[in-house]
Amino acid sequence: MSPRLPDLPTRSRAGLRPVGAFFVLGCVLAAVATRLVHLAAPNPAPARALLAGDPEPKSLPRYGLTDRHGAPLAISHASFALEASPQNVWLSHTPEILRQRLGDALDLEPEEFEELFRRLLGLGETDSLAVTRWPLNVHEALALSDWLAAGGPAAKRTDAAHLAQLGPLHGMWLDPLPADAPERKLVEGEPGPYFRIAWAPEVLLSRAEREACLPQLVGAKNAAAAWVRALGTDLHPLLAPAMAREAEHADVCLLRGGDPRRAHRNHECVFAGLQPRRFAPLLDPVPSAAVPALRGIFEEERIGPFALWLRGSSTRTYPAGELSALGRWGWSGAEGESEPVPLPGLERLANGELAHLEELSGVRLREGAAPDLARRMLLARRPGLQRGYYLEHTEPEAPATVETTLDLELSRFVGQRLERVLEESEAASAMAVVLDLETREVLALEWRDAYRTTLWSPLQRLYTPGSTWKLVTMGIALEHGHVHPGEVFDVGEGHYRLRNEEGRVVRVIGEAEGFKTGRLTAAECVAHSSNAGMVQIGTRIPPEVWKRKTKELGYGLPAATELVGDFYNPPGQVGEPEGRGGRAWALGRSLASVSFGDSISLNLLQHAAGLAALLGGGEWRPLVFTRAVQAGGARHLLPRQPGRRVVSERTSATLVKMAQLGAEEGTGKNLERPVAAHLGTKTGTTEKLPNDVCSHVWGKAYEDALESGKSWDDQAEYRRYRGKWGAGRASCYVSSIAAFASSPDGSKRYLTLVVVDDPHVKGRPFGSRHAGPAASDILCEALGYTVGGGAPLATLADGLWPLSVPTLNPALLPWLESAELSYARFADAPAPHQNTGGG
Amino acid sequence: MRNTLFALVCLCILGLGLATAVVANGNHALAERVLRLERANQDLVVAIEELDARIWQRGLELDAAELAAEAESRRIAEDVQ
């Protein structure tokens, strides 16, 4: 039976007095638990609030680019970026002290440092900051004006004797509110006129102003913070009506802060309006030598990690110099704050390929240690958490390296050779591409412009190919059986009259470079670049075949889209555009013009890929710029896109022989070449039409527009400058050449296409004169006949002097086959038959 | 007896709590040292990578200069001949 309640003892039998002990024990446990929770809290509340306003750090990618031999073309290395929150910095620091200390640590040029410090002060174009959040009506402005005149914070905090000596507060004043100010909405209906507060941080926050106003702050600890607190606390009641208006018009309140829940921190609320900037990128990259000094400043000046900090970033360098083909990284908006964007070039191509591989494999290839570095630093600099922990950890990994097909030495040579062309020919621009006819790998892609431009020329600069197109005409005609290499054509005496079926002359075709007269075989028409001959051949091809085959060769379609992405990539056009009245492909119009390379617009890479298809076996394949990706210690070959057959191998071989004939006795006969190279050439010289513009005139106008910053309307400027060739000139020209050759052992066959726009030097503008020597030099260099433009030095063995071998002079190399015997001549081709049609 | 036992238990719990706090503080001190080391390590990594990029740049510049000088001397030699 259980005891009754009154019988139960009111005290413990053992005489325990547990309340006190439990209390002590409870306190200890609570203290321990609180400390443990505090330690484990990953993100204290103030840090969360501050983090919310920080923009995501943007860094350039970390992957590298190398040339085909492993020489680095682009490297990203870890670096630090110095960033700040002006609002947080100036809540508790003095401008002149930071100016002095940061200036000493960073060792920048005076102008550069001044610009950096202006960003740290949160200044824009002017030397003062305007408070846009709190426009004042006339009564509020008068109250504030009285406070300023009375010495600001000194009025409440100092004695009358001091106030009598003290003038008005410096560094803060009232400006009339402009009529078009967006914040005018906030004061509508209030008694005017309206004012807004303006202040100069370097004056108001200076030590001199602070100590003159509040002498008790001289030598005080945290004097800067106390000064800002005094300013803010006094200003808060003066600005309270304006803050209330701002809260009512939440839709026009563009900036953060003024949260009524934080009213107990009034001075911070006021300062958020005075200095709204919470992020300012100051310097990226910070020289590594300056990092220890900066860390010292942070520690000594007790600069909080949310005021001024070093962020892990990456810096992209191009150790081999900025090759034209590489492109570079830009930003979608302000540098460091917006998205990094690869601009046209190999950078964009490699980034796209790596992004695709990342999607497939789920492995990070474009980033390396840098993001990890940033995260660790972020954890280490949280306020309220004196010591940092790594809450998560990822092993740093090396970013991928993309192996491109470019040859660095060759690219440099091509660049230098084009500079020479530009100088010697007084041209507006010169472009060149070198590619392997077997693999379609691009070994060099360079261009030089006499005028400043923003174009990625190999794709964005369209030109008319002229006679280099005759290989296309001949290729299509041969493939479809419209002509035989030995067929003979009457090319007239320099002016060929193209007649229609009724015998009426529909067009007179003129000749250009060193034209031949009389009767020529089809092969000789190509070799000697006879317009009359090619018109007779080209007009046999039906327009539908022209359109289909040129599309198959990539003309009229955007080329190498992976290199430019969404950027401007004009597809060009073959023949006149439809819709200009009449039949665009009539005999006397596009059909005739296209046959000899007129009425066509294309870009360098389109034409290089098209010619490579015709001269490299008959199969069109996209040009290749990347070979492999090295990641995780392994080398992964990149897949190649399949090609499509456009002409037969036999047609291709015939075109090769025709071009070799052109180099031997046609328009390329004067070019120097090594005997073993079996050079083949097709030159082109295109006279610009009255509707075209001279690249010198255009380039100069565009350069002026870029420098002056005035707006530029392509079409209006085109109308303005077309047909204007410059002083004393009858016309302007594009000179070009397509040339190919073999290596000494015959294992490699390279094609180069060199285009020189508007050579202005006196003399004939022929392709063989301006572009030809450069093409020959480039091929010799690419195939190893020369090194650095001279004869290669052969090293016999270690310790022996190198020996110069003059390969370019066949007379000095009697063991080589003589020039006459080394070519396959068309004279030996099967018997030609007479041409009876075509006019 | 019971009082003694209870007091002992209380003391043990108190001791455990204090020990936990001491260990946690020690842990913090260690973490701080690790963090400083890690930061120094990061500074070094950055400096080394920056140096590496400069070395590549200088090396490639020297390569180019050497080739240019070679070509120039060859041209001079040809002119002399």
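The questions and answers below go through a predicted model of a complex of chains A and B.

Me: What ipTM does the predictor give the complex?
Reply: The model is a predicted one, and the predictor reports two scores for the complex as a whole. The pTM is 0.74, and the ipTM is 0.73.

Me: How many helices and strands does the secondary structure of chain A come to, and what share of its residues count as buried?
Reply: In chain A, residues 24 or more positions apart account for 74% of the contacts with a separation of 6 or more. The secondary structure of chain A comes to 29 helices and 27 strands. Of the 839 residues in chain A, the share that count as buried is 45%.

Me: Why is chain B more spread out than a compact globule?
Reply: Chain B has one helix and zero strands. For 81 residues the globule rule gives 12 Å, and chain B is more spread out than a compact globule because its value is well over that. Along the principal axes, the C-alpha trace of chain B spans about 115 × 10 × 10 Å. The radius of gyration behind this answer is 34 Å.

Me: What is the average pLDDT of chain B, and what share of its residues are buried?
Reply: In chain B, 99% of the residues score a pLDDT of at least 70, and the average is 82. Buried residues make up a share of the 81 residues in chain B that comes to 7%.

Me: Which element gives the most to the side of chain A that touches chain B?
Reply: On this interface, 34 residues of chain A are in contact with 32 residues of chain B. The elements of chain A that give two or more residues to this side are α1 (18–40), β2 (72–84), α13 (291–300) and α15 (369–380). The residues on this side of chain A divide into 21 nonpolar, nine polar and four charged. The element that gives the most, with eight residues, is α1(A).

Me: Which residues does A:V433 touch, not counting residues up to four places away in sequence?
Reply: Not counting residues up to four places away in sequence, A:V433 touches A:V442, A:A444, A:L445, A:P458, A:L604, A:L605, A:A608, A:T752 and A:L753.

Me: How many residues of domain 3 of chain A are in contact with domain 1?
Reply: The domain assignment of chain A gives domain 1, domain 2 (123–274) and domain 3. On the domain 1 side that touches domain 3, the residues divide into six nonpolar, three polar and one charged. Ten residues of domain 1 take part, and the number from domain 3 is seven.

Me: Is A:A631 buried or exposed?
Reply: A:A631 has its place in strand β20 (residues 626–631) of chain A. Leaving aside neighbours within four places in sequence, A:A631 is in contact with A:L365, A:A400 and A:H636. With 21 C-beta neighbours inside 10 Å, against a cut-off of 20 or more, A:A631 counts as buried.

Terms used: Residues numbered from 1 in each chain as written. Chains lettered and ligands numbered in written order. Predicted model: local features only at pLDDT ≥ 70, side-chain atom pairs only at ≥ 80, totals over all residues. Helix = DSSP H or I, 4+ residues; strand = E, 2+ residues; numbered from the N terminus. Buried ≥ 20, exposed ≤ 12 C-beta atoms within 10 Å, placed from the backbone. Contact = placed C-beta atoms within 7 Å. Nonpolar A, V, L, I, M, F, W, Y, C, P; charged D, E, K, R; others polar. Domains from an automatic or database assignment. Rg over C-alpha atoms; globule rule 2.2 N^0.38 Å. pLDDT = per-residue confidence, 0-100.
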